[in-house]
Amino acid sequence: MSNYSVADEIKKYKDLLDQGVITEEEFEQKKSELLKAQPVSASSTPGMSAQTTGIVAYLTWIGFIIAILVGDRDGAKFHINQALVINLFFFLGWIPVLGWIWALIMVVLWFIAFIGACAGEERPVPILGGIKILS
């Protein structure tokens with residue numbers, strides 16, 4: 001039942017109340033029944049879903065900050081932590097020669113983690129998956 005049809009039904013009962021066909025108690029009872037039967041949609045809650053939060057967390061530092069501020073921090077705790085670890089270890093890529101190899105490894109790990117977040121899976125990445133910074 002959509003909001004519009006619930007409002008129409010309540011208005012019909014209000015008209016019946018105004019005409020004296022039903023009592024005030026009957027009107028309040030019907031109104032309560034209609035409002036309780038109305039489903040609460042997931043889109044009425046602010047923020048992002050856990051899966052969306054996990055995906056956004058991997059999109060650079062800006063995405064990580066957005067995931068922390070707007071997203072479902074509890075539902076996507078695994079991906080937020082893993083994104084933080086990957087972003088921090090990316091800094092080792094600044095070391096000449098060995099760092100460049102490490103940066104390539106980090107790109108591969110980032111892809112694995114990002115695909116896992118898109119699939120809704122909490123799959124730790126090799127090498128860094130066991131590191132927990134956020135509790």
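**Entry 1: the overall layout**

In what order do the elements of the protein run from the N terminus on? I followed the chain through this predicted model and noted that the elements run α-α-α-α-α-α. My tally for the protein is accordingly six helices and zero strands. I then looked up how much of the chain is hidden, and found that buried residues make up 30% of the 135 residues. For the contacts, I took those between residues at least 6 apart in sequence, and of these 51% join residues at least 24 apart.

**Entry 2: helix α3 against helix α6**

I turned next to pairs of helices, keeping in mind that two packed helices are described by the angle between their axes and the distance between the axes. Helix α3, which covers residues 50-57, packs with helix α6, residues 98-119, at an angle of about 165°, and I noted their axes as 8 Å apart. Angles over 145 degrees count as roughly antiparallel, and α3 and α6 are therefore roughly antiparallel to each other. I also recorded that α3 passes α6 in a left-handed crossing. On the α3 side I listed Gln-51, Gly-54 and Ile-55, which meet Phe-114, Ala-117, Cys-118 and Ala-119 in α6. Sorted by class, the residues of this contact of α3 with α6 are five nonpolar, two polar and no charged.

**Entry 3: helix α3 against helix α4**

How are α3 and α4 directed relative to each other, roughly parallel or roughly antiparallel? I found that α3 and helix α4, residues 60-70, pack at an angle of about 150°, with their axes 7 Å apart; α3 and α4 are therefore roughly antiparallel to each other. From α3 the contact is made by Thr-53, Val-56 and Ala-57, and from α4 by Thr-60, Gly-63, Phe-64, Ile-66 and Ala-67. I counted the classes here too, and the contact of α3 with α4 has five nonpolar, three polar and no charged residues.

**Entry 4: Asn-81**

Is Asn-81 buried or exposed? I located Asn-81 in helix α5, which spans residues 77-90, and looked up its relative accessible area, which is 5%. The cut-off for buried is under 20%, so Asn-81 is buried.

Which backbone atoms does the side chain of Asn-81 reach? I noted the backbone nitrogen of Ile-133 at 2.8 Å and the backbone nitrogen of Leu-134 at 2.7 Å. Leaving aside its neighbours within four places in sequence, I found Asn-81 in contact with Ile-131, Lys-132, Ile-133 and Leu-134.

How values were computed:
Residues are numbered from 1 along each chain as its sequence is written. This is a predicted model: local features need pLDDT of at least 70, side-chain atom pairs count only at pLDDT 80 or more; totals for chains, interfaces and linings use all residues. Side-chain values use heavy atoms; hydrogens and water are left out. Helices (H or I, at least four residues) and strands (E, at least two) are DSSP runs, numbered from the N terminus. Buried means under 20% relative accessible area, exposed over 50%, partly exposed in between (1.4 Å probe, protein chains only). A polar contact is a pair of N or O atoms within 3.5 Å; within protein, one must be able to donate a hydrogen and the other to accept it, and residues adjacent in sequence count only if both atoms are side-chain atoms. Contact means heavy atoms within 4.5 Å. Axes are lines fitted to C-alpha atoms, for helices over the stretch in contact, and angles run from 0 to 180 degrees between N-to-C directions. Angles under 35 degrees count as roughly parallel, over 145 as roughly antiparallel, 65 to 115 as roughly perpendicular and the rest as oblique. A crossing is left-handed if the near helix is turned anticlockwise from the far one by less than a right angle, and right-handed if clockwise. Ala, Val, Leu, Ile, Met, Phe, Trp, Tyr, Cys and Pro count as nonpolar, Asp, Glu, Lys and Arg as charged, and the others, Gly among them, as polar.
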